[in-house]
Amino acid sequence: MKQGVQGSAGAGIPEAGAPGATRVPTQQRAAAALDGVRERDTAPHGVRGEHTHAERPLPGPRPAVQRSSVRGQIVEALRTALVAGELKPGEVYSAPVLGERFGVSATPVREAMQQLALEGAVEVVLNRGFRVIERGARELAELAEVRALIEVPVMLRLARTVPAERWAGLRPLAEETVRAAASGCPAAYAECDRAFHGALLSLSGNEQLVRIAEDLHRRAQWPLVGGPVRHGRADLVADAAEHMALLEALIARDVDVVRGLVGEHFAGAI
């Protein structure tokens, strides 16, 4: 049986002819561009070693993916699916099946899943694919504590030093979180929430701080075992309202109010 898709290094997916391989239906050919190299997929539906025959297809319409940056778009699409609860904690997903959903070959999906593994969202399951990490409320509380230790002192320092007009320039981002919350879409809100917090911290001029805080923030948005804790529309609206109140306090340079608001904001993230 001819192998047409090369797996990513370290992906845990065996090559064709590996012991325990499973023969699966033929996948339609699809062209995928990855890192500027155009690749034609002549692989079978599943790469040997990925057991996809009993896996149910994911719900929802197939998103349109532009070929100019396949892996990056797949990473973002998978992050959205995680926050939205379409990828369930504890479930195993194979690259060929996910590739069918996005209309691309299995290769960029494996590359995207490897990125999510580095972020702590999934883990490699040898000969099967990738399992969504099962996380509990304790891990969420620990992430909120670490975020508070990093972000609160920086926010208080910035509240004393950043001019009001610079804070006012962030008002469109705060208003965007309000609109996203009103839509009731957890994935849309998660993106706007990260953008707002990232913009606040970027005023520190510390790029490493912004990157670390964004990584912690993203990890805090992955799904929990038993379902999401704060994905209800009312919770999102309340969280967005805190953004607006915080921004107004920063503009007014009211450090005491800022201290109280950021404390409540991180406490509410648990």
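**Reading contacts in a predicted model**

User: This is a predicted model, so which residues is His-265 in contact with, leaving aside its neighbours within four places in sequence?

Analyst: With those neighbours set aside, His-265 is in contact with His-197, Asp-239, Glu-242 and His-243. His-265 itself is found in helix α10, residues 255-268.

User: What makes the link between the side chains of His-265 and His-243 a polar contact?

Analyst: The two side chains are 3.4 Å apart in that contact, and the cut-off for a pair of N or O atoms is within 3.5 Å.

User: His-243 is also part of the contact between α6 and α9. How do you know how these two helices run relative to each other?

Analyst: Their axes come within 8 Å and cross at roughly 165°. Angles over 145 count as roughly antiparallel, so that is what α6 is to α9. The crossing is left-handed. On the α6 side, the contact includes Arg-171 and Val-178, while α9 brings in Leu-236 and Met-244, among others. By type, the residues divide into 10 nonpolar, 2 polar and 4 charged.

User: And what makes Leu-78 buried or exposed?

Analyst: Leu-78, in helix α1 (residues 70-83), has a relative accessible area of 1%. The limit for buried is under 20%, so Leu-78 is buried. Beyond its neighbours within four places in sequence, Leu-78 is in contact with residues including Leu-87, Phe-102 and Met-113. Met-113 is 35 residues away in sequence, yet the C-alpha atoms of the pair are 8.2 Å apart in space.

Terms used. Residues numbered from 1 in each chain as written. Predicted model: local features only at pLDDT ≥ 70, side-chain atom pairs only at ≥ 80, totals over all residues. Heavy atoms only, no water. Axes fitted to C-alpha atoms, helices over the stretch in contact; angles between N-to-C directions. Helix = DSSP H or I, 4+ residues; strand = E, 2+ residues; numbered from the N terminus. Parallel < 35°, antiparallel > 145°, perpendicular 65-115°, else oblique. Left-handed = near helix turned anticlockwise from the far one by under 90°. Contact = heavy atoms within 4.5 Å. Nonpolar A, V, L, I, M, F, W, Y, C, P; charged D, E, K, R; others polar. Polar contact = N/O pair within 3.5 Å; in protein donor to acceptor, adjacent residues only side chain to side chain. Buried < 20%, exposed > 50% of the residue type's maximum accessible area, 1.4 Å probe, protein only.
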